[in-house]
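Subject: Handing over a structure, with notes on what was found

Dear colleague,

I am passing on the structure we spoke of, and I would ask you to look it over before reading the notes that follow it.

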Amino acid sequence: MSQQEVKPILTINELSVSFPGPGGKRNRAVDNVNLTVYPRQTLAVVGESGSGKSVSAMSILQLIPTPPGSYDRGSINWQPDAADPPVDLLQYNDKQMRAIRGNQIAMIFQEPMTSLNPVYTIGDQIIEAVRLHQNVTKAQSIDIAIKALTDVGIAAPESRLKEYPHQLSGGMRQRVMIAMALACQPKLLLADEPTTALDVTIQAQILELLRHLQDTKDMGIILITHDLGVVAENADVVAVMYAGRVCEFASVYDIFDRPLHPYTRGLLRSMPVLGQEVTRLPTVTDGATVPEDFPSGYNVEPHVTTPDPEVGYGGKDARLYEVEPNHWVLCTPQPGNDIQSSHPGRNFRREPIAHS
């Protein structure tokens, strides 16, 4: 099977999620989101706080409380085995989702100190996840937990199983979270800010660990982050989100070399440059302009700071169009252009970076 014939393990179609707002109005936290993830592929989802990144990821596992949240429309098609037909996770009941969560799809949450239960040992928490999803004895589950801790680079794993979260450093707790997520050999890992509040040395170790485990376990990753440096070094493809919508979707090289959506351009230009002295750091709005060579046949409006989807995208009818090969932008076709919007995603993997 060629690279292009490989089927995606996850396809999100037109997902919309809303929450109650003032005056009985419902606010769309996620609005017609389309995403695709392939095996062994890392999809980075970037954007400022409140853009809908975490809500999109949590919706995959139905972790949005309903009510107050509501899955207004869309589907989340899951196909871990190419030989089986895809299933829509939004149609699964609680019992069916419990068989998926932590087993086929696992998640690393933002803050390990609040995600780990402080009154249970590390071993108790990993073993519980293993025994919930695998038909193994207690002795076997202990062996699996020890191997999981070993895989994430924790020394003396047998003794660590008896320790509580407060006895570990932040980097160690994050490794425990990864070990717990990977203990059941998931096909997809949702990593929501996995290196938040960690120093750069530990951050590099954690990200290197995820890359290694991805290659050895044939796992897809959705990486949610604010750090564009992390994206540049770790992502295969990138989805840029703003106000609940995907503004741009392309390979990591195309996003950095030729950003086309005004918001993406502004986001990249707002990055501080090491060694460059400026009197004022640029903001997203400062660099959010429409490229002069924006592909002909499409309209895209300059970015504005309001979250109202009526503006800043080319209008409420804007959709993702493949304006260049393997490069999707949220825009509208010009009159007379009858091209149809398309779902973003290709089985693209970056070439590994050679570290000297």
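In what follows, two residues are said to meet, or to be in contact, when heavy atoms of theirs lie within 4.5 Å. Please keep in mind throughout that this is a predicted model.

I begin with the packing of helices. Two packed helices are described by the angle between their axes and the distance between the axes. Helix α4, which covers residues 122–133, and helix α7, which covers residues 170–182, have axes that come within 9 Å and cross at roughly 20 degrees. Because angles under 35 degrees count as roughly parallel, α4 is roughly parallel to α7. The crossing in which α4 passes α7 is right-handed. On the α4 side the contact is made by I122, Q125, I126 and A129, and these meet V176, A179 and M180 in α7. Sorted by kind, the residues of this contact between α4 and α7 are 6 nonpolar and 1 polar, with no charged residue.

α4 also packs against helix α5, residues 138–151, and here the angle is about 120 degrees, with the axes 9 Å apart. An angle of 65 to 115 degrees would count as roughly perpendicular and one over 145 as roughly antiparallel, and α4 and α5 are therefore oblique to each other. Their crossing, too, is right-handed. The residues of α4 that take part are I126, I127, V130 and R131, and they meet K138, S141, I142, I144, A145 and L149 in α5. The residues of this contact of α4 with α5 divide into 7 nonpolar, 1 polar and 2 charged.

R175 counts as buried, at 11% relative accessibility. Leaving aside residues up to four places away in sequence, R175 touches V152, G153, I154, Q205, I206 and L209.

Next comes helix α1, residues 53–60, which is mostly covered, with 6 of its 8 residues buried. The buried residues in α1 are K53, V55, S56, A57, S59 and I60. Just after this helix, Q62 takes a positive phi of about 55 degrees. The loop between α1 and β4, a strand that spans 70–78, holds P67, and P68 has its place in that loop as well. The peptide bond that leads from T66 to P67 is cis, with omega near -5 degrees, and a cis peptide bond also joins P67 and P68, where omega is about 5 degrees.

Positive phi values turn up elsewhere in the chain. E14, a residue other than glycine, has a phi near 50 degrees, and E14 is found in strand β1, residues 10–20. At 24% relative accessibility, E14 counts as partly exposed. A243, which is not a glycine either, has a positive phi of about 50 degrees. A243 lies in the loop between β9, at 237–242, and β10, at 245–251, and A243 is buried, with a relative accessible area of 16%.

As for K316, this residue sits in the loop between β11, at 298–299, and β12, at 319–324. K316 is exposed, with a relative accessible area of 53%.

Finally, how many disulfides does a search of the whole structure find? A disulfide is a covalent bond between the sulfur atoms of two cysteines, and the search finds 0 of them. For C247 the closest cysteine sulfur is that of C331, and at 11 Å it is too far for a bond, given that a disulfide requires the sulfur atoms to be within 2.5 Å. Seen from C331, the closest cysteine sulfur is in C247, again at 11 Å and too far for a bond. C247 is buried, with a relative accessible area of 0%, and C331 is buried, with a relative accessible area of 0%.

With kind regards

Technical notes:
Residues are numbered from 1 along each chain as its sequence is written. This is a predicted model: local features need pLDDT of at least 70, side-chain atom pairs count only at pLDDT 80 or more; totals for chains, interfaces and linings use all residues. Side-chain values use heavy atoms; hydrogens and water are left out. Axes are lines fitted to C-alpha atoms, for helices over the stretch in contact, and angles run from 0 to 180 degrees between N-to-C directions. Helices (H or I, at least four residues) and strands (E, at least two) are DSSP runs, numbered from the N terminus. A crossing is left-handed if the near helix is turned anticlockwise from the far one by less than a right angle, and right-handed if clockwise. Ala, Val, Leu, Ile, Met, Phe, Trp, Tyr, Cys and Pro count as nonpolar, Asp, Glu, Lys and Arg as charged, and the others, Gly among them, as polar. Buried means under 20% relative accessible area, exposed over 50%, partly exposed in between (1.4 Å probe, protein chains only).
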